[in-house]
Amino acid sequence: MLIVGIKGEQSEKVVHENTATAVGSGVLEVYGTPCMLALMEKTACESIEPYLEEGWGSVGTQVNIKHLAATPIGMTVRCESELKVVDGRRLLFDVKAYDDKGLIGEGTHERFTVNNEKFQEKANARGEN
């Protein structure tokens, strides 16, 4: 059962592959905003998986974040998520990211719970002629 207050945490080391240069979001060798966003989504998504019924998952639908500080290669980025709103199938998370020196990003992330099989079938049908 999904309840307000579920928390998640994930971390990753900053390496060339997750820099702005490598992912095409800039020309500097610092942690890329798209990578921070992906870590935030992953953290929220995985935090609720144990509470979902079998055959159910969640999909991201909206993100509103600020990237506040640059993180160089070699540092570790840690993300925290907290489920703040459960409104039927709609879930709203607070997300924050930190490096070794402090807060580097924050915002909100919205997800919806879905029946995995039905969702995949609907998505596949979009690709049919």
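Modeller: The largest nonpolar core has 19 residues, a nonpolar core being a set of buried Ala, Val, Leu, Ile, Met, Phe, Trp, Tyr and Cys residues joined through side-chain atoms within 4.5 Å. Buried here means under 20% relative accessible area, with exposed over 50% and partly exposed in between (1.4 Å probe, protein chains only). Tyr 31, Ile 48, Val 77 and Phe 93 have the most contacts inside this core. This is a predicted model, in which local features need pLDDT of at least 70 and side-chain atom pairs count only at pLDDT 80 or more, while totals for chains, interfaces and linings use all residues. Residues are numbered from 1 along each chain as its sequence is written, and side-chain values use heavy atoms, with hydrogens and water left out.

Two or more core residues come from each of α2 (33-48), β3 (76-87) and β4 (90-99); helices (H or I, at least four residues) and strands (E, at least two) are DSSP runs, numbered from the N terminus. The largest share, six residues, belongs to α2. The buried residues of α2 include Cys 35, Met 36, Leu 39, Met 40, Ala 44 and Ile 48. Among the elements that cover the buried residues of α2 are β1 (7-13), α1 (20-23), β2 (56-67) and β5 (102-115), together with β3 and β4.

Phe 93 shows how these parts meet. Not counting residues up to four places away in sequence, Phe 93 touches, among others, Ala 44, Ser 47, Ile 48, Leu 83 and Arg 111, where contact means heavy atoms within 4.5 Å.

Arg 111 lies in strand β5 and counts as buried because its relative accessibility is 4%. Its side chain makes a polar contact with the side chain of His 109 at 2.9 Å (a pair of N or O atoms within 3.5 Å; within protein, one must be able to donate a hydrogen and the other to accept it, and residues adjacent in sequence count only if both atoms are side-chain atoms). Beyond its neighbours within four places in sequence, Arg 111 is in contact with residues including Glu 41, Ala 44, Cys 45, Val 59 and Phe 93.

The strands follow one another through hairpins. β3 and β4 pair in the antiparallel sense over nine bridges, two strands being paired if DSSP finds at least two bridges between them. Two residues separate β3 from β4 in their hairpin, and Gly 88 in the turn has a positive phi of about 65°. β4 and β5 also pair in the antiparallel sense, over ten bridges, and a hairpin joins them through two residues. Within that pairing, Asp 94 stands opposite Thr 108 in β5.
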